[in-house]
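Subject: Structure handover

Hello,

Here is the structure we talked about. Please open it and keep it beside this email while you read.

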Amino acid sequence: MTDQIRWGVLATGGIAARFARELGQVPGTELAAVGSRTASSAQAFAAEHGAARFHGSWEALAADPDVDIIYIATPHSHHHAAASLCLRAGKPLLVEKAFTLDLASAQDLVTLARERELFLMEAFWTRTLPSTLKIQELIADGAIGELVAVQAAFGIGLDPEPSHRLRNPELGGGALLDLGVYPIGFAQLLLGEPNQVRAWAHLFPEGTDERTSISLGFPSGAVASLYCGVNGDVRNATIVGTHGRIELPWGFHAAERFVLHRHAADPEEFETAPSGLHFEAAEATRCLREGKLESDLIPLASTLSVMHTLDAVRAQIGVTY
């Protein structure tokens, strides 16, 4: 391990480009290489984002001795294959969410990483944001009392053509894995693992979910009411406690502000640093420097717990990949 943490990026799509742009905000890191299934795509990405090298295959990137950690940015339908390859090559990983298509394949990656003593982390960037950390601090301090409910919704207002990725079951399409992972992950961050899961959905003709409603019950007695949708534009969340509530008015998954309402008190507005993928990159870089095998902010147990819930929802709404 060098003093400079050398990142590789596997895939060249939009989220990979955003990660590459924001990596420059993390001190002590560099974009060392990019890998794609085509050399031309990798070369263009490297030229645009200043990567030192490009590789025309996943295997070549995984074998690059001058890469310390790889960010997997493929569609989630390919996460397991790409991550397995890289772990077997001895590379620590940051894997985009949804982590995999199902719990079994997620558990397989966790087992492989632990067997090989390699760092592995889900790129659930919401959990690394200053706003999320501040909200957790306020809740731990009793600002709104005991948590009783979480409401969260994430819809993006699209009307995709039948050929669109979000309608393709072979690519893990639908609202649930792309969008539902945010409200589910947010609720479980605050309330733990549910012991009751109920879900309803309207499906595209291709068999992926166009919109899904999810109700979760927790051992504490708390409940969560969640929504995800391809063609409904909404991104808000509310955390309800016995003594108040916290409202995230828009873009809760990337919040830079929120409002604390205490009983019999004026609302308090909090503003935090601008959100971005660089916070998850900084967390992974910190863990790598400290020799950790997983992140305290996004432990692998929480990733598996969310995947367990996603599997339960899919079983109820009848979506298969």
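Start with Arg-37: the charged end of this residue sits over the ring of Trp-58, 4.1 Å from the ring's centre. Arg-18 lies over the face of Trp-125, and the distance to the ring centre is 4.9 Å. Keep in mind that this is a predicted model.

Next, rings with rings. A pair of aromatic rings is described by two things: how far apart the centres are, and the angle between the planes. This structure holds 7 aromatic pairs. Here are two of them.

Take Phe-124 and Tyr-182. Their ring centres are 5.9 Å apart and their planes stand at 90°, so the pair is edge-to-face. Where do the two residues sit? Phe-124 is in the loop between β6 (120-123) and α6 (130-140), while Tyr-182 is in helix α7 (residues 175-191). These parts are 58 residues apart in sequence, so the pair ties them together. Both Phe-124 and Tyr-182 are buried.

Now look at Phe-154 and Phe-252. Here the centres are 6.3 Å apart and the planes are at 75°, so this pair is edge-to-face as well. It links distant parts of the chain, 98 residues apart. Phe-154 belongs to strand β7 (residues 147-155), and Phe-252 to the loop between β12 (244-248) and β13 (257-262).

Are Phe-154 and Phe-252 buried or exposed? The cut-off for buried is under 20% relative accessible area. Phe-154 has 5% relative accessibility, so it counts as buried. Phe-252 has 2%, so it counts as buried too.

The two pairs also belong together. Phe-124, Phe-154, Tyr-182, Phe-252 and one further residue, Phe-186, form one aromatic cluster.

Then find Glu-22, in helix α1 (residues 14-23). Its relative accessibility is 13%, so Glu-22 counts as buried. Which residues does Glu-22 touch, leaving aside neighbours within four places in sequence? They are Gly-276, Leu-277 and His-278. With Leu-277 there is a detail to check: its backbone nitrogen lies 2.5 Å from a polar atom of the Glu-22 side chain.

Last, the record. UniProt, in an unreviewed entry, places the feature "domain: GFO/IDH/MocA-like oxidoreductase" at residues 133-247. Over that stretch the chain is 22% helix and 37% strand. The C-alpha atoms at its ends are 15 Å apart.

Best wishes

Key: Residues are numbered from 1 along each chain as its sequence is written. This is a predicted model: local features need pLDDT of at least 70, side-chain atom pairs count only at pLDDT 80 or more; totals for chains, interfaces and linings use all residues. Side-chain values use heavy atoms; hydrogens and water are left out. Rings of Phe, Tyr and Trp (its six-membered ring) pair if their centres lie within 6.5 Å; planes under 30 degrees apart count as stacked, over 60 as edge-to-face and the rest as tilted. Helices (H or I, at least four residues) and strands (E, at least two) are DSSP runs, numbered from the N terminus. Buried means under 20% relative accessible area, exposed over 50%, partly exposed in between (1.4 Å probe, protein chains only). A charge sits over a ring if NZ of Lys or CZ of Arg is within 6 Å of the ring centre and within 35 degrees of the ring normal. UniProt positions are given in the numbering used here, feature names are shortened, and annotations may be inferred rather than shown by experiment. A polar contact is a pair of N or O atoms within 3.5 Å; within protein, one must be able to donate a hydrogen and the other to accept it, and residues adjacent in sequence count only if both atoms are side-chain atoms. Contact means heavy atoms within 4.5 Å.
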